[in-house]
Every structure is written in C-alpha cells, then in structure tokens.
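Have a look at the structure first, then read on.

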Amino acid sequence: MKKRIIAIACAILCFFTVPIMGQDAEQVTETLSAPLPAPITELTAGNYVYDDGGRIDLSWAKSADDPANITGYVLYRARKGAAFEKIADLLPGTEKYRDESVEDDIAYRYRVGTVNEAGETLSEETPAVIATWEFFNFHKLNILILALIVCGSVLFFIASAKSGRKLFIRKIGGLEALEEAVGRATEMGRPILFIPGILDMDDVQTLAAITILGKVSRVVADYDSKIMMPVSRSLVMTSARETIKESYLTAGRPDAYNDDMVQYVTDEQFGYVAAINGIMVREKPATCLYLGAFFAESLILAETGNSIGAIQIAGTARPGQLPFFVAACDYTLIGEELFAASAYLSGDPKQLGSLKGQDVGKIIAMAGILLGTLAMTFSVAWDVSFFNLLLDILNSIFITN
Amino acid sequence: MEQFWADFGIWLGAVLTLGIISFLYKDNIFYKAAEAIFVGISAGYWFVVFFWDNMVGKFWAQTVGAAPGETQWYPWIGFILGVLMLARLSNKIGWISRWPLAFVVGATAGLYMMIFFVSNAMTQVAATIRPFIQTGHMSIFNSLIIAIGVICGLIYFFFSKEHKGAFGGAAKLGIWFLMITFGASFGYTVMSRMSLMLGRLDFLFGDWLQMIP
C-alpha cells in the first residue's frame with residue numbers, strides 16, 4: 001500500500017515537473033539560438049564646440065531591439081591608422097556619449113557595438129573627427145551682452161557723476177544712524193566696536209565693510225573717539241589698519257592713530273566669538289557695528305551687544321543671518337544695502353555711478369520677470385506664436401549654458 | 001594609560017564647556033580661562049595648519065621639493081606676494097604691502113564678478129519666470145507669490161528713486177516679503193541651533209556624568 005502511494009505521488013510529481021522542465025529546456029534552446037541584436041543607426045561624432053578642447057560628442061539612434069533584447073552597448077574608438085579599442089560600456093537606452101579622454105588635433109573614428117547574449121553587432125564607423133579648442137564660447141554670448149549693458153551703464157553713470165551731475169541715491173535708514181552712533185559713543189566716553197565678519201578679503205562683503213570702516217574711522221578721528229576692531233583674518237587686519245590710518249591722516253590727526261586699534265584674534269570662528277564677547281562685557285562699547293559676512297556667530301554677538309546696552313548697527317548679505325540681526329540690532333543693512341552703504345557714505349562718483357548702474361540691471365531683471373511670466377502664462381494657456389517667440393527670446397537672454 | 005587620557009579629555013571638555021556656558025550668568029574667571037585657552041590654542045592650531053597646507057603642501061611641494069620635471073613656477077607668485085606683505089614690518093617700505101592686498105582684492109573682484117552675475121542675477125531671473133496657469137490652485141498661488149515677491153523685493157533695493165507713492169507701496173510690500181521670509185528662517189535656524197545645544201548636553205550628561213545609558 002505504501003509503495004502504491006509513493007508510486008502515485010511520483011506520478012503526480014512527474015506530471016507537473018516534466019512539462020516545466022521541458023519548458024525550461026525549450027527556453028534555453030531559444031536563448032542559445034537568439035538572433036544577434038539590430039545595430040544602432042545614425043551614429044554621428046563631432047567636436048564639442050566652444051570649449052578648451054579634449055571633447056568629442058557622439059549620438060546615435062537606439063537599436064531596434066533596445067531594451068527588450070539587448071544587454072547594453074560598447075563604444076569603440078580608433079586613432080587614425082590604429083585598431084579599434086573599447087573605451088566604454090553603456091547601458092541600454094543610451095543615445096549619446098561625451099568622450100572627454102581625447103587629445104586635440106588627432107583624428108578619431110568611433111563605432112558602437114550592440115550586445116546581447118548571442119553576441120555583438122557593430123555599427124558603421126564614423127568619419128574621422130578631431131577635437132579642437134575655440135577662443136570664444138558663443139554659448140555664453142548672452143552673459144557677455146548683459147554684462148556689457150550693466151557695465152556700460154555703470155561707466156555711463158560714473159562719467160555723469162564725474163562731470164558734475166548730481167546722482168540721486170535714496171536715504172538708507174541704518175546709515176543715517178551711523179554718525180549719531182559714533183557721536184553717542186564719544187559723549188559716553190566709551191569705544192566703538194567694529195566687527196568686519198569672519199571671512200577674508202576675498203569676500204565682497206568684507207570689502208564693503210572695509211569701505212564703510214573708512215567713513216566710520218574718519219568720524220571717529222574727527223570726534224576724537226576710540227575704535228576697537230578685533231579681526232579673524234590677517235589680511236583683514238592689514239587692510240583695516242591701512243584704512244583707519246588713512247582716515248586719521250585725512251582728518252589731520254595721524255598722531256592719534258595706533259596699530260592696536262585693529263587686533264588679530266584667531267581664525268577659529270567660535271574662538272573669535274568668545275574673545276569678542278569678552279571684549280564686549282569688559283570694555284562695554286557704546287556702539288557695536290557688525291558689517292560683513294557672518295555665520296552662526298551673528299546672534300551670539302548681537303545678543304551680547306544688546307545685553308550691554310550698546311546701540312547696534314548690522315549689515316550682511318547672508319540671508320540666513322539677517323533674521324538674527326533684524327531681531328537683535330537697532331538698524332540692519334539688508335543685503336545690497338550693505339554694498340550701497342559704502343557708495344552712499346563715500347559720495348565717491350565711481351561708487352555712486354556703480355550703484356546707479358546696478359539699478360539699470362534691476363530694471364532689466366524686473367522687466368524680464370514681468371514679460372517672461374506673462375509670456376509663459378499666455379503661451380501655456382493659448383499657445384499664441386507671438387508669446388512663444390517672446391518666451392524663446394527671454395530664454396536666450398537669461399538662461400545660461 | 002590610554003583610558004586615563006580619554007577620561008582626561010572628557011573632563012577637560014566638560015570643564016571648558018561649563019566655563020563657556022557660565023558666561024550666561026556673567027563674565028567670570030572660568031569664562032576668561034576658557035576663552036583664553038580657546039583663542040590661544042585655535043590661533044596656534046591655524047598657524048600650523050596654514051604653514052603645512054600652504055608653505056609645505058602647496059609651495060614647497062611644487063617648487064623646491066618637487067620631483068624633477070614636475071616643478072611649477074606659479075607658486076612663486078604667491079610666495080613673492082607673501083614676502084611683500086612682510087614689508088609692513090618696516091616703516092620705510094611698509095607701503096609695498098599694499099601691492100599684494102591690491103592683487104587679492106582685484107583678482108577676487110574680477111573672478112567673482114561673472115560668477116555672481118550669472119548665479120545671483122541671470123539664474124534667479126530665469127527661475128522666477130513661471131506661468132500663472134498651472135494644474136493646481138496652490139501652484140498658481142505660488143507663482144503669484146514668487147513673481148510679486150521678487151519684483152517688490154527688487155523695488156525695495158532700487159536706490160535711484162525715493163520710496164514714495166505707488167513705488168513706495170511696492171517697496172513696503174517688498175520689505176514685508178523679506179520680513180516674513182526672515183521670520184521663517186529665524187524659526188528654522190533656531191531649531192537647528194537647538195540640536196547643537198542637545199549635542200553639548202548629551203556630552204555633559206552622557207560622556208561625562210554617564211547619566212544617559
């Protein structure tokens with residue numbers, strides 16, 4: 001009985017497994033006898049234009065068997081007179097490749113192999129192609145044109161200012177308070193603390209801070225007040241000393257200048273902050289000026305300044321730190337106001353002209369946004385050719401490659 | 001011995017952390033000590049880093065110490081400019097130190113001008129151009145907010161015209177947009193600072209006092 005049951009079980013097992021095994025065998029046979037894949041077509045190779053050389057762009061139309069019956073593509077390259085060698089394995093679906101391992105002025109030919117389990121089908125060879133460098137990148141022509149318009153405006157307004165034409169610049173709140181803050185420190189017999197941020201002279205915000213320092217130190221020299229400037233960069237220390245020295249010379253008080261007005265502390269961000277906090281609570285400056293590039297230290301500094309009752313004026317172009325200064329300081333120069341401040345304070349025709357020139361750039365930006373938004377809206381809604389054309393023009397002006 | 005130094009480090013870190021935190025009460029001797037240690041050690045540390053990175057790693061390794069045939073000439077420019085900075089030590093020739101400063105400022109201005117022009121102006125304008133007609137109501141609202149916010153913000157930063165009348169109204173709207181953005185940014189950053197404080201508390205109560213399992 002037991003044998004019979006086993007025999008029946010074996011029979012049932014064979015009934016189900018044999019057809020499956022047979023199916024597998026058929027599939028294997030089919031795979032082994034699968035045809036070679038269709039080759040790729042329309043293979044082209046060309047020099048990547050407007051670059052410094054060393055690049056060739058390739059493109060092709062995918063194999064007719066892509067993606068079902070291929071495992072990938074293989075790219076071959078040959079120097080003139082030499083044999084082809086493999087340079088890249090590419091995934092199915094790939095239709096282009098940039099060869100960045102070529103040498104300039106050497107002719108290369110390419111071909112692409114389409115691969116599946118049965119083997120590889122090679123495409124036709126491309127004609128010989130040479131990578132070259134170009135002097136001018138026409139992809140960036142729009143940047144040049146816009147930059148020329150803005151720079152031209154700057155030069156025009158500088159020339160206007162130099163010729164004696166009065167250039168109007170609106171009042172900037174924080175700057176009106178600057179002289180008042182220095183005067184307050186003088187009356188109270190306390191120093192002014194000037195913090196130029198924690199970045200070096202290669203940051204434009206530090207440059208703006210040093211320019212403002214020139215005006216502030218001039219007022220300090222005139223009022224015979226005292227300025228303290230702890231810095232975290234050696235180059236900023238040198239520049240600040242030069243600036244303050246010049247202000248004292250201009251004010252006719254070179255004897256009152258002292259190198260110790262500017263002191264290097266440390267490059268370490270929070271070590272610098274710890275030292276400034278100590279200076280604040282011990283020296284109790286009447287006015288604290290934070291102008292430049294600030295990071296996590298902004299709120300620590302501004303809160304400490306607040307706790308000692310100092311009048312505080314801050315200015316930075318770092319969006320992440322502006323909220324802290326706005327919350328804790330009396331006046332804050334927001335973003336571009338910091339850069340405008342130096343021009344406004346100096347009254348220098350060059351700086352005033354550059355400020356007016358930048359306003360031309362803002363008009364272009366506003367016009368671009370307004371026209372572009374309307375053109376894109378009408379283009380999406382009604383597909384009107386005029387708006388499509390306008391959108392294409394704006395794209396070619398503002399989109400950079 | 002190794003354990004001793006590990007424990008010593010934790011104790012030193014804890015004492016200095018408490019010294020810095022004690023500033024919240026008032027300026028005191030512990031804060032002054034922690035401040036002086038921090039400033040002194042960090043200044044010395046950065047001097048060593050700059051010396052090995054720049055003088056040895058960049059200058060020496062590419063000039064005098066470079067392998068034959070791999071010597072570069074351009075690090076000498078930086079070296080000469082650096083030596084010129086030392087002219088400040090003399091009153092007579094101190095003015096020469098302005099040259100390397102002028103080089104740094106001029107080169108920086110030239111290099112960054114186009115970078116900022118593209119990233120801060122052109123790319124921003126291109127990204128702001130969005131259609132008012134989109135699939136969802138919120139998308140339309142977003143597009144309106146972005147366009148109006150950017151234009152009014154630009155008007156606020158327009159310095160050639162007094163903020164009066166409709167122009168002044170747009171500028172006021174611009175500063176409202178800025179302040180709302182600052183408020184959101186303030187909250188976000190405060191929360192990230194909280195995580196820094198939690199890290200310190202974790203060190204004090206975990207590594208030092210071992211009250212956190």
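## Ground rules and confidence

How does chain A do on confidence? Its mean pLDDT is 88, with 92% of the residues at 70 or more. The stretch to treat with care is residues 13-31 of chain A, where the pLDDT is below 50. Apart from near neighbours in sequence, that stretch has one contact in the model. Where pLDDT is low, predicted coordinates should not be read in detail.

Chain A has an open sheet of three strands in the order 1-2-5, with antiparallel pairing. Strand 1 (41-47) and strand 5 (96-99) of chain A sit at the edges, each pairing on one side only. From one strand to the next, the twist averages 15 degrees. Strand 2 (residues 56-61) of chain A pairs with strand 5 of chain A over four bridges, in the antiparallel sense. If you want a spot to look at, Ser59(A) stands opposite Lys96(A) of strand 5 of chain A.

Two loops deserve a glance. Tyr50(A), in the loop between strand 1 and strand 2 of chain A, has a positive phi of about 60 degrees although it is not a glycine.

## A hairpin

Next along chain A, strand 3 (residues 72-79) and strand 4 (residues 85-90) run antiparallel and are joined by five bridges. Val74(A) has Asp89(A) in strand 4 of chain A as its bridge partner. What do strand 3 and strand 4 of chain A form? They form a hairpin, with five residues between the strands. In the turn, Gly81(A) has a positive phi of about 85 degrees.

## The six-stranded sheet

Another open sheet in chain A has six strands, this time with parallel pairing, in the order 11-10-9-12-13-14. Its edge strands are strand 11 (262-264) and strand 14 (331-334) of chain A, each of which pairs on one side only. The twist here averages 15 degrees from one strand to the next. Within the sheet, strand 9 (residues 192-197) and strand 10 (residues 227-231) of chain A pair in the parallel sense over two bridges, and Leu193(A) stands opposite Met228(A) in strand 10 of chain A.

Which strands does helix 4 (residues 204-223) of chain A touch as it packs on the sheet? They are strand 9, strand 10, strand 12 (287-293) and strand 13 (311-316) of chain A. The direction of this helix makes about 165 degrees with that of strand 9 of chain A. Helix 7 (residues 297-307) of chain A packs on the sheet as well, touching strand 9, strand 12 and strand 13 of chain A, and its direction makes about 165 degrees with that of strand 13 of chain A.

## Where the chains meet

The contact between the chains takes 56 residues from chain A and 50 residues from chain B. On the chain B side, the elements giving two or more residues are helix 2 (29-59), helix 4 (98-128), helix 5 (137-156) and helix 6 (165-208). Helix 4 of chain B supplies the largest share, 15 residues. By class, this side of chain B has 32 nonpolar, 10 polar and eight charged residues.

## Inside chain B

Helix 4 of chain B also packs against helix 3 (residues 75-85) of chain B, at about 130 degrees and with the axes 7 Å apart. The two helices are therefore oblique to each other. Leu81(B), Leu84(B) and Met85(B) of helix 3 of chain B meet Trp99(B), Pro100(B) and Phe103(B) of helix 4 of chain B. By class, that contact has six nonpolar, no polar and no charged residues.

How values were computed. Residues are numbered from 1 along each chain as its sequence is written. Chains are lettered from A and ligands numbered from 1 in the order in which they are written. This is a predicted model: local features need pLDDT of at least 70, side-chain atom pairs count only at pLDDT 80 or more; totals for chains, interfaces and linings use all residues. Two residues are in contact if their C-beta atoms, placed from the backbone, lie within 7 Å. Ala, Val, Leu, Ile, Met, Phe, Trp, Tyr, Cys and Pro count as nonpolar, Asp, Glu, Lys and Arg as charged, and the others, Gly among them, as polar. Two strands pair if DSSP finds at least two bridges between them. Axes are lines fitted to C-alpha atoms, for helices over the stretch in contact, and angles run from 0 to 180 degrees between N-to-C directions. Angles under 35 degrees count as roughly parallel, over 145 as roughly antiparallel, 65 to 115 as roughly perpendicular and the rest as oblique. pLDDT is the predictor's confidence in each residue, from 0 to 100.
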